[in-house]
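Me: I am new to this structure and would like to learn how to read its features one at a time. Could you give me the general idea before each case?

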Amino acid sequence: MVAQPKYAGLGSAEATKTPFEVDKQTWKDLDLFDQGRHGLIFSFFNKTKTKGGAEALERMLKRPFNERAELEARRDTIRFFRDRNVDLRLGRQVADVEYYLNSIVPIYPGNRLDALAYAFRNQIKESPGHYTVVWGVRNTLSVLRYLFEIAGDWNRADCPAALAAVLDDLPALITDKRVRSLLMGTSGPLRRRDLARCDVFFRRNGKSAIRRLLELLYEWDACVAVAMTAQQCDLCFPQYSDAGEPNVQAQGLFHPLVANAVGNDYCMGAAANLCFVTGANMAGKSTFLKSFGLAVYLAHVGFPVAARSFQTTIFNGVFTTVNLADSISQGYSHFYAEVRRVREVVGKIREKRRVVVIFDELFRGTNVKDATDASLQVIDALAGVEGSLFLVSTHIVEIAAGLQENANIFFSCFAATMEGGVPWYSY
């Protein structure tokens, strides 16, 4: 299991009291990450322009959380970037700054006489180290000037409060007055003492501040990439509810990786907290379950979701079982792996209390009779758990007959018809 810390960007500082939890099986089921590698959903959002931006996007996707203020802060920042059509001008220059900051060449001498001798030697024959310093200082100044320029533009554009608070704090990070004046002024030839002053600040005295500024730039690069995806794919921004009982309402819910997807209006809550989904093979059950799970997950990252509208209460975790494999090396059959998974998820339900759980084709690894008996017992038990929502699918429609008397269960079916001998699905 992977317990996730609170969102660390846009001003958050405290740790989450009840951390949101997700596991690697869920990452795999939702095509987010497969054994630590980038998944399809990461690639779907990844329109970043820097390596640091891609890494920031990965961190965001791997760290869902359950604090409403922090979720809304990220959501509103991304929505602001979308509404303003923000497109960051970032390129190779940022990588050059990283190379310079991580270089081990000696720092430009701060002493005036030493600096003069250092400059004189390099006027005669420039060393690679001197070139790295000069080029690095100029690139760093250029990138930071751009960062402060866009920060000013966003502040004047009435950006969200959480983003504005971060932007207001940026000048205080540059504690060297001379470096600050160079950043706020116009670019031009750098004097020798300016090179020395900047190099000392960038790579020694203010290195942590410069690193913080770059991290913010990478975070914004990731948020802009998500905003561009939201605009291009017509994603909506989630709304969060403080209701005491679990509830999810979606209009036009679809899967973002399915071309020409058919949207579904769907809602579920505490009154009937378990949805029993049936339908023929290929009718769309698994895709719908993935769509729902992904929407809940992305909402808890503060990202836009694939729907016309989406509202959710805030949960403490999401656990799915869609593509569960057996384990030859450990001697686990598929059925035994399913039993272990059910037990594992039940333990998390007890611990987290407020979670979303999805089981696709429960107990498919055994015969129909055993699958029916085991499913009836598990589904009946899950439906009695308060505070959580459950979706369970199967193509064994006979199971439904044994669940009719349970008031906590409602039923959904993906219809299929035959037209001219060819199956037709409504999705």
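Reply: Let us begin with pairing: two strands pair if DSSP finds at least two bridges between them, while strands (E, at least two residues) and helices (H or I, at least four residues) are themselves DSSP runs, numbered from the N terminus. This is a predicted model, in which local features need pLDDT of at least 70 and side-chain atom pairs count only at pLDDT 80 or more, whereas totals for chains, interfaces and linings use all residues. Residues are numbered from 1 along each chain as its sequence is written, and side-chain values use heavy atoms, with hydrogens and water left out.

Me: Which residue in β11 is the bridge partner of Phe319?

Reply: The partner of Phe319 in β11 is Val357. Strand β10 (residues 318-321) runs parallel to strand β11 (residues 356-359), and the two are joined over 4 bridges.

Me: What is the order of the strands in the open sheet?

Reply: The sheet has 5 strands with parallel pairing, in the order β10-β11-β12-β8-β13. Its edge strands, each of which pairs on one side only, are β10 and β13 (409-414). From one strand to the next the twist averages 15°, where angles run from 0 to 180 degrees between N-to-C directions and axes are lines fitted to C-alpha atoms, for helices over the stretch in contact. Strand β8 (residues 274-279) pairs with β13 in the parallel sense over 6 bridges, and Phe276 has Phe411 as its bridge partner in β13. Helix α14 lies across β8, β11, β12 (389-393) and β13, and runs at about 145° to β8.

Me: Are the residues of β10 buried or exposed?

Reply: The general idea is that buried means under 20% relative accessible area and exposed means over 50%, with partly exposed in between (1.4 Å probe, protein chains only). In β10, Val318 and Thr320 point one way while Phe319 and Thr321 point the other way, and all are buried.

Me: How many salt bridges are there, and what counts as one?

Reply: A salt bridge is a side-chain nitrogen of Lys or Arg within 4 Å of a carboxyl oxygen of Asp or Glu, and by this rule the count comes to 23. One of them joins the side chains of Asp76 and Arg75, at 2.9 Å from N to O. Asp76 counts as partly exposed because its relative accessibility is 22%, whereas Arg75, at 6%, counts as buried. Salt bridges can also form a network, as they do in linking Glu21, Lys348, Glu351 and Lys352.

Me: Which residue forms a salt bridge with Lys285?

Reply: Lys285 forms one with Glu361, and their closest N and O atoms are 3.6 Å apart. This pair links distant parts of the chain, 76 residues apart, with Lys285 in helix α12 (residues 285-299) and Glu361 in the loop between β11 and α14 (368-383). Lys285 is buried because its relative accessibility is 4%, and Glu361 is buried because its value is 10%.

Me: Why does Asp194 count as buried, and with which residues is Asp194 in contact?

Reply: Asp194, which lies in helix α10 (residues 192-205), counts as buried because its relative accessibility is 3%. Contact means heavy atoms within 4.5 Å, and, leaving aside neighbours within four places in sequence, Asp194 is in contact with Arg178 and Leu182. The side chain of Asp194 also meets that of Arg191 in a salt bridge (3.4 Å, N to O), and Arg191 is partly exposed because its relative accessible area is 41%.
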